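Please consult the sequence and the structure below while reading.

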Amino acid sequence: MMRLPLLVRVLRDPAAVRGLDGVGWDLLLRQADAANLDAFLLVLLEDAGLLDAVPAGPRAHLEWTRTGAAGHARAARYEVRQIRKALDGLDVPLILLKGAAYALAGLDAGRGRLFSDIDILVPKARLAEVEAALMMHGWITTHHDEYDQRYYRQWMHELPPMQHARRGNSIDVHHAILPETARVRPDPDSLRACARPIAAEPGLATLAPADMVLHSAVHLFFDGEFDKGLRDLVDLHRLLGEFGAQPGFWDALPARARELQLGRPLFYALRYCPRLLGTVVPPAVRAAVALDGPRGPLLWLMDRLFERALLPLHPSCADAFNGPARFALYVRGNWLRMPPLLLAQHLFHKAFITKHNESQAA
Amino acid sequence: MLTVGSLSRAELEARLSGAGLVLRTGPFANRIRSDVQPLIDGVALMYADYPVDPEGGFVDFHLDFLRSGGLRRWVRSQVHFAYDGTTPFQPLPLGQAYPMLEWTMNWCVSHRAHGYLIIHAAVLEKHGRAIILPAPPGSGKSTLTAALLGHGWRLLSDEMTLVHLDDAVLVPLPRPVSLKNTSIDIIRAFRPDAVLSRPVEETTKGTIAHLKAPRDSIARAAEPARPACIVFPRWEAGAAIALDPMPKARAFMQVADNSFNYQVLGARGFAALGRLIDASDAYTFRYSNLHEAMALFERLAQGAA
């Protein structure tokens, strides 16, 4: 493996900040900023008791980040409660996904984790009611192009993103965690059936711990875009750290992954979390998922690709192969989303017809 | 102390095209890299008196302004802004490179520096009394600021008032004053000594020229000021001069509306703004004649309204 970037070395061992000079701090904060991990860096240094050793310049930036992140968290909680209020009376179980779930459930992964969109999961049969209720409370669809509307409604696992007309916050309403057209289709009924209510937030729920890990893994490793790849890997690292201490979690995880057809993304999560972040995974669990991974030359290739794409998206972390690696994973991500003919049609439409329409409108 | 003006043009260009020029503005260090001549011209003229920080230290903001490559290098060339590798804004015509530097430096502060309550307002000081001029564009805030700078006022900022969160003192960020459209000729006539950058036409804000900040204001950038007044100015053709007290509750709400990060700061922003309003008299101010305005502001500096 290449020499790890400074940020990754600090994520593995916060004490690595000791002895950093001005240029070192400068680089660390820029990498954290580019990776969307600046607020997490603050949490990490604070937990390690290292904050008072930070020189004045970078310390000021970390305090700016603290303020910005607190404001962000306040606004996000408010937004989640507005969504719950909007859906009150529909008797739809409201399951939060990703960042909103970590924050509202008070998970370790939610501390210092910023999120711009709020993701929720509702039953597919109730989508129309949910959409109508959100519209009545000020959320409007953001994609006005007819093709985009059809793309989401027919093929995707979510409604076109909605944005609040006054507050500008976005909500993604999901009915599944992978597109209708994807090669694997984790059963949304099973995910919802295992959901856990959040004790302190009546009316809100999260996925079960194993499902949260699997959703995070599929979101990271089946997607085509890795601009927040390291942030997502840190999510996995922290979820595994917290849930891994709960009895029975590790034993059930591989079986649950196979039940949801998500053995491959779990394999990747349990490979790259330890390799990049030093996550502790019991050897028996790694052995149990070994057969779900690629083998031989393909594994060698995926290592080369992921271990580039998962680094911070910052000029200081890129080698000559970084661009091609990200492009290859982008193609792969689309490949996993749609069958080839449909994908070709979609890319053709995006490349020529949407562009043409946009230039006509401009 | 090394200043931009003490570098030769060749040294300035070498820094800008190499590791970057680390320009100190108030509490912030900005690392600027560029190969764009109109931007270099603007920096050389407007920032001659500013300190240059040594290499190898911690830098607050990283700004790159690079000229288009390929065919665009020669035909309708543009300037591309990158913040440490990300591109938050569309490119602009090459001639707008210097105003773009000013706008993006403002953006860095207003989007990141949450150690201050940041108000969209000019702020000046005389005899130890600072006056804040919050105002939407078009109210004549910058024209008034540029005029006052010729009458012994110290510039803290033309665009962003930084209120310290703990003790409500005002932290200077003296930078060039942005003049738009007819203001440019008004200030040329009112202050023949003023140093202005070359006017840039057809920007999204119309024609823009910047006025160089007074050397003394730049030298005193580390010296905070105590707030005395908040004055909401409004220029109106032919209007009689009028300074009317404004209820503090209304001043509070209007300053909050003119703040970049009041919402982000939450309770700390509320407390800081409360201390600022407590320490200040608030007025609305209507004027048409700059000479009359100068006399009235002199009375405010003396502590009488």
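Helices (H or I, at least four residues) and strands (E, at least two) are DSSP runs, numbered from the N terminus. The model is predicted: local features need pLDDT of at least 70, side-chain atom pairs count only at pLDDT 80 or more, and totals for chains, interfaces and linings use all residues. Residues are numbered from 1 along each chain as its sequence is written, and chains are lettered from A and ligands numbered from 1 in the order in which they are written.

**Helix H12 of chain A**

Just after H12(A), A:Gly278 adopts a positive phi of about 75 degrees. The helix itself covers residues 263-277 and spans 21 Å from first to last C-alpha, close to the expected 21 Å; the expected span is 1.5 Å times one less than the number of residues. Twelve of the 15 residues of H12(A) are buried, where buried denotes 20 or more other C-beta atoms within 10 Å of a residue's own, exposed 12 or fewer, and partly exposed in between, with C-beta atoms placed from the backbone. Among the buried residues are A:Phe267, A:Tyr268, A:Arg271 and A:Tyr272. Their cover includes helices H1 (6-12), H9 (209-221) and H14 (296-309) of chain A.

**The sheet of chain B**

Five strands of chain B form an open sheet of mixed pairing in the order E1-E2-E3-E4-E5. Because E1 (21-25) and E5 (92-93) of chain B stand at the edges with a single partner strand each, one side of each has no neighbour in the sheet. E1(B) and E2(B) (residues 28-34) pair in the antiparallel sense over five bridges; pairing requires at least two DSSP bridges between two strands. B:Arg31 in E2(B) is the bridge partner of B:Val22.

Chain B is assigned domain 1 (4-112) and domain 2 (116-302), with bounds from an automatic or database domain assignment. Their C-alpha centres lie 25 Å apart. Contact means that the C-beta atoms of two residues, placed from the backbone, lie within 7 Å.
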